[in-house]
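Colleague: I would like to go through this chain step by step. Please show me the sequence and the structure.

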Amino acid sequence: MSARAKKGKKKDEKPPPATGPGSKIIALPEPLRKGYIKRIGDTKQVHLQFGTANMKTLPIEIYNNEELSALTVKFNAENNRIKRLPKSISELENLEYIDVRNNNLSSFPASVAKLKKLNFLDLTGNNLKKLPNTIHKATGLKTLLAPKNRIRGLPKNIGKSTSLEYVDVSFNMIKSFKKGVYESNAFINFRNNRIKEMPNVKVKKAKIKKLDLSHNSIAFIPDTINRLSCLVWLDISHNSLDELPAQIGMVKYLHYFDASFNSIKALDTLKLSNNEIALLPEEIHKLKKLRVLDMANNQLEYLPESVKNLMFVQEINVSGNMLTSMKFAVTLKTLVSLQIAGNKVEVVPAEIRKMRSLVTLDLSDNGIKEIPETIGLTLYVRSLNVAGNQLNELPLPKTLTHLYLSENPLTMNFTEHKSLFNIMGDKDHM
């Protein structure tokens with residue numbers, strides 16, 4: 001062989017390994033490489049696609065190929081027969097998405113906590129009895145789906161997750177949940193479980209914003225529910241409640257509350273004052289025993305027609321809203337006290353005569369120009385506040401004991417009536 005030939009000869013290059021240090025995707029078996037490993041667009045990122053492949057186990061190579069571990073961001077293995085995943089799944093260190101729904105998994109490796117970039121995990125339709133206790137340490141996880149399993153409770157520290165936004169554990173076997181749930185920022189869906197009561201709110205920082213507890217067996221809501229200061233959405237429909245605590249009206253930011261399909265009989269007081277409520281549901285008439293309705297200082301422009309069917313209501317306070325009419329009240333024959341101060345009412349309807357039980361009426365700070373003579377036909381009015389209106393004249397019920405009438409352009413002289421009842425010259429409301 002000539003010297004030139006010897007010089008041109010190359011040493012046989014050793015192919016890269018399929019696993020271990022320096023391993024490359026190109027070295028993996030061809031059926032695996034071409035059938036299940038997909039590039040994402042024009043990037044180097046990899047999507048592992050094992051969905052609906054009738055698999056019981058996944059190829060071990062995917063967990064210990066160095067290049068694959070670095071490039072895989074998405075992992076699908078849904079609709080298979082997989083019974084377990086090894087803890088080495090955490091070797092796919094850049095995973096952002098895992099979908100293993102509809103398998104036979106009885107557990108999920110706690111090493112998921114090492115996947116700091118993971119933001120989506122779907123465990124729907126497996127045989128899981130619990131979720132990894134370390135799930136809160138997966139600091140990028142936003143969505144956790146685990147309905148239709150056999151889960152009996154959430155991890156104790158679930159509320160310590162700083163990233164979770166939605167947790168779905170509906171259609172499981174959960175009988176109770178820890179108070180730590182209240183510390184979570186996530187929307188937690190407990191729909192269709194076996195929960196019998198909500199735990200007392202004994203946490204320093206209650207951050208929960210949305211809770212779906214519908215279709216359970218809950219018979220008790222704690223009086224401490226008003227401590228859920230961030231709660232804006234609560235569905236507790238289809239349960240076994242026979243009463244609601246008055247403190248439900250003190251949950252400051254609650255704007256959606258569904259308690260339909262329960263056995264509530266004893267709710268007689270509903271206080272939702274000082275919120276930003278713009279609408280009351282038509283279904284309010286279902287609160288058949290309601291006696292006190294306090295909606296003061298909200299953003300109501302009208303009350304629903306169904307209010308007229310509150311057959312036992314005695315007190316309504318809708319002061320500090322934006323109402324333009326008080327017709328909702330004139331058919332309420334049991335009403336004893338009506339406070340409608342600080343609205344935009346201009347007309348007092350003649351039908352006020354039908355309010356035969358009315359004792360206290362506050363119409364102050366509206367735009368009322370005239371009070372109908374029929375107010376004299378109300379049988380029991382003792383206290384009337386019309387301060388801060390545009391009245392020139394004022395017919396008086398014979399039963400009056402207290403009258404507030406300051407800041408009106410009145411042409412009448414009420415001096416002769418001072419011996420009959422107290423006339424308040426200032427603008428103090430009742």
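Colleague: Over residues 88-169, how far apart are the end C-alpha atoms?
Modeller: This is a predicted model, and the stretch is one that an unreviewed UniProt entry annotates as "domain: Disease resistance R13L4/SHOC-2-like LRR". Residues 88-169 are 0% helix and 15% strand. The C-alpha atoms at the ends of this stretch are separated by 25 Å.

Colleague: How many helices and strands does the chain have?
Modeller: Residues 88-169 contribute 0% helix, so the count has to be taken over the whole chain. That count gives three helices and 19 strands.

Colleague: Is the chain compact or spread out, judged by its radius of gyration?
Modeller: For 430 residues the globule rule gives 22 Å, while the radius of gyration is 34 Å. The C-alpha atoms fill a box of roughly 135 × 45 × 35 Å along the principal axes. Since the radius is well over the rule's value, the chain is, compared with a compact globule, more spread out.

Colleague: What share of the contacts between residues at least 6 apart in sequence joins residues at least 24 apart?
Modeller: A contact here means heavy atoms within 4.5 Å. Among the contacts of the chain between residues at least 6 apart, the share joining residues at least 24 apart is 26%.

Colleague: Is lysine 204 buried or exposed?
Modeller: Lysine 204 sits in the loop between β8 (187-189) and β9 (210-212). Its relative accessible area is 86%, and the cut-off for exposed is over 50%. Lysine 204 is therefore exposed.

Colleague: How far is the C-alpha atom of lysine 204 from that of asparagine 65?
Modeller: Along the chain, lysine 204 and asparagine 65 are 139 residues apart.

Colleague: What is the phi of phenylalanine 261?
Modeller: Most residues other than glycine have a negative phi. Phenylalanine 261 lies in the loop between β11 (256-258) and β12 (269-271), and it is exposed, with a relative accessible area of 61%. Although it is not a glycine, its phi is positive, at about 55°.

Colleague: Is asparagine 297 buried, partly exposed or exposed?
Modeller: Asparagine 297 is in the loop between β13 (292-294) and β14 (315-317), and its phi is positive, near 60°. Buried means under 20% relative accessible area and exposed means over 50%. The value for asparagine 297 is 39%, so this residue is partly exposed.

Technical notes: Residues are numbered from 1 along each chain as its sequence is written. This is a predicted model: local features need pLDDT of at least 70, side-chain atom pairs count only at pLDDT 80 or more; totals for chains, interfaces and linings use all residues. Side-chain values use heavy atoms; hydrogens and water are left out. Helices (H or I, at least four residues) and strands (E, at least two) are DSSP runs, numbered from the N terminus. The radius of gyration is taken over C-alpha atoms; the globule rule is 2.2 Å times the number of residues to the power 0.38. Buried means under 20% relative accessible area, exposed over 50%, partly exposed in between (1.4 Å probe, protein chains only). UniProt positions are given in the numbering used here, feature names are shortened, and annotations may be inferred rather than shown by experiment.
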